[in-house]
Amino acid sequence: MIPGTSASMLPSAEAAKLYQTNYVKNSRSIGLLWAIFTILFAIVNVIIFSQPYWIGDGMDTPQAGYFGLFHFCVGDGLSRDVTCHGSFTNFAAIPSTAFKAASFLVGLSMMLIVSCIACFSLFFLLSTSTVYKICGWMQASSGVCLVLGCMIYPDGWDSDEVRRLCGERTDKFSLGACSVRWAYILAIMGILDALILSFLAFVLGNRQDGLMTEELLAESKEAGKA
């Protein structure tokens, strides 16, 4: 067998094809995990937006209560029963301007990630690489909105309603006798989740571009041999 002939190159060609097949399988597996975690992040985002457990009463607060982005519940100081107020559809009832801004930003974050899930249907219409990159930008934007919402929210802690619950020592970025609750912590964790998902989406999109380039080169080589 003469070195350099097509027969001597067959094993390397088969190895390259096997590598490409494994490459595609791994990309699909990672893409499936990315899609699952995107859906889970959307569920977390809905919980973060809707639950009134961003801050709440502590051991030394004069009454029971807790606050979310737009929904808050406070007691009368005589029992643990609370009366709830506020609605996203009634912006005037939200205690402070900072809470209103945070509600809008976290709500926008939620809508972006839900829209990202809706974009999964574009896999049937557009190239895989393009869809990954669209979703990557949506997830990055969702993370940015979540960052801004978490940063702005403490600016509203000096509102009258929060002071009534947490005491006179409460001020912007200082909770007085109250404490941070699980929804706020979950929102901060959600920021990292959004950034990781967006990074992974861009990596998957670029891998698809590389795969398409390799396929085109292989086809051009086969055409040249023919």
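1. A residue is called buried when its relative accessible area is under 20%, exposed when that area is over 50%, and partly exposed in between, using a 1.4 Å probe and protein chains only. By this rule Thr 170 counts as buried, because its relative accessibility is 0%. Thr 170 lies in the loop between helix H4 (160-166) and S5, and its C-alpha atom is 9.0 Å from that of Ser 159, which is eleven residues away in sequence.

2. A word on the source: this is a predicted model, in which local features need pLDDT of at least 70 and side-chain atom pairs count only at pLDDT 80 or more, while totals for chains, interfaces and linings use all residues. Residues are numbered from 1 along each chain as its sequence is written, and side-chain values use heavy atoms, with hydrogens and water left out.

3. Helices (H or I, at least four residues) and strands (E, at least two) are DSSP runs, numbered from the N terminus. Among the buried residues of H2 are Ala 98, Phe 99, Leu 105, Met 110 and Cys 116.

4. Aromatic rings deserve a careful look. Rings of Phe, Tyr and Trp (its six-membered ring) pair if their centres lie within 6.5 Å, and planes under 30 degrees apart count as stacked, over 60 as edge-to-face and the rest as tilted. A search of the whole structure finds 19 such pairs. In one of them, Phe 49 and Phe 70 have ring centres 5.1 Å apart and planes at 50 degrees, so the pair is tilted. This pair links distant parts of the chain, with Phe 49 in helix H1 (residues 10-50) and Phe 70 in the loop between strand S2 (65-67) and strand S3 (72-75), 21 residues apart. Both Phe 49 and Phe 70 are buried. Tyr 153 and Trp 157 form an edge-to-face pair, at 6.4 Å centre to centre and 85 degrees between the planes. Ring pairs also link Trp 54, Phe 67, Phe 72, Phe 99, Tyr 153, Trp 157 and Tyr 184 into a cluster.

5. Which charged side chains meet in salt bridges, taking as the rule a side-chain nitrogen of Lys or Arg within 4 Å of a carboxyl oxygen of Asp or Glu? The count comes to three. Asp 57 and Arg 181 form a salt bridge in which the closest N and O atoms are 3.5 Å apart. Asp 57 lies in the loop between strand S1 (55-56) and S2, and Arg 181 in the loop between S5 and helix H5 (182-225), so the pair ties together parts that are 124 residues apart in sequence. Asp 57 counts as buried, at 12% relative accessibility. Lys 172 meets Asp 155 at 3.7 Å, N to O, and Arg 163 pairs with Glu 168 at 3.6 Å between the closest N and O atoms. Glu 168 counts as exposed, at 66% relative accessibility, whereas Arg 163 is partly exposed at 22%.

6. One backbone angle is worth checking by eye. Most residues other than glycine have a negative phi, and most peptide bonds are trans. Phe 173 has a positive phi of about 65 degrees although it is not a glycine. Phe 173 is in the loop between H4 and S5, and counts as exposed at 55% relative accessibility.
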